[in-house]
Amino acid sequence: MLLRVEEYVREDGSSPFRQWFDRLDSQAAAKVTTAMTRLSLGNTSNVKWFEGIGEYVINWGPGYRVYLAREGSTLIVLFTGGTKHRQQADIERALALHAEYKARKQAAARSAGTARRPTGSRRTG
């Protein structure tokens, strides 16, 4: 089952995931890109789900993590990334971004009268 992988884009146009990703060295960026490809192919075996979000664990280097959430059955929204060292702070940030995403989605649904994805995500790749 193919999944569409998208980044969460905040109301101000910033992408927390992209900001993190752009600071990675080339080897780490390649590992994260491979993880995103695996997610898009439906491979979520490295994802631990809790409190409405998932943590994709990359067992390489400092133990990279990518934080995401599922929207319906086909959309994975990437919120941020981090390492094992900052895991708790990264989880708290991902939970806050997920709450922000859901609030924007609810506000957009109320103003449009139908449930839809907010204008707060974009395809990766």
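Guide: Let's begin with a turn: β4 and β5 form a hairpin with three residues between them, and G72 in that turn has a positive phi of about 70°. This is a predicted model, where local features need pLDDT of at least 70 and side-chain atom pairs count only at pLDDT 80 or more, while totals for chains, interfaces and linings use all residues. Residues are numbered from 1 along each chain as its sequence is written, and side-chain values use heavy atoms, with hydrogens and water left out.

Visitor: What makes β4 and β5 a pair?
Guide: Two strands pair if DSSP finds at least two bridges between them. Eight bridges join β4 (residues 64-71) to β5, so they pair, and they run antiparallel. One of the links is Y64 with T83 in β5.

Visitor: And how do you know that β1 pairs with β5?
Guide: By the same rule. Four bridges join β1 (residues 4-8) to β5, and these two run parallel. E6, for instance, has V77 as its bridge partner in β5.

Visitor: Why is β5 called mostly covered?
Guide: Buried means under 20% relative accessible area, exposed means over 50%, and partly exposed is in between (1.4 Å probe, protein chains only). Nine of the nine residues in β5 are buried.

Visitor: What makes a group of residues a nonpolar core?
Guide: It's a set of buried Ala, Val, Leu, Ile, Met, Phe, Trp, Tyr and Cys residues joined through side-chain atoms within 4.5 Å. The largest one here has 20 residues, and V32, V66 and L78 have the most contacts inside it. α2 (26-40) gives the most to this core, with six residues. A second, separate core of seven residues includes Y8, A69, L75 and L97.

Visitor: Why would such side chains sit together?
Guide: In soluble globular proteins, nonpolar side chains tend to be buried together.

Visitor: Which residues does V32 touch?
Guide: Contact means heavy atoms within 4.5 Å. Leaving out residues up to four places away in sequence, V32 touches F17, W20, F21, L24, I58 and V66.
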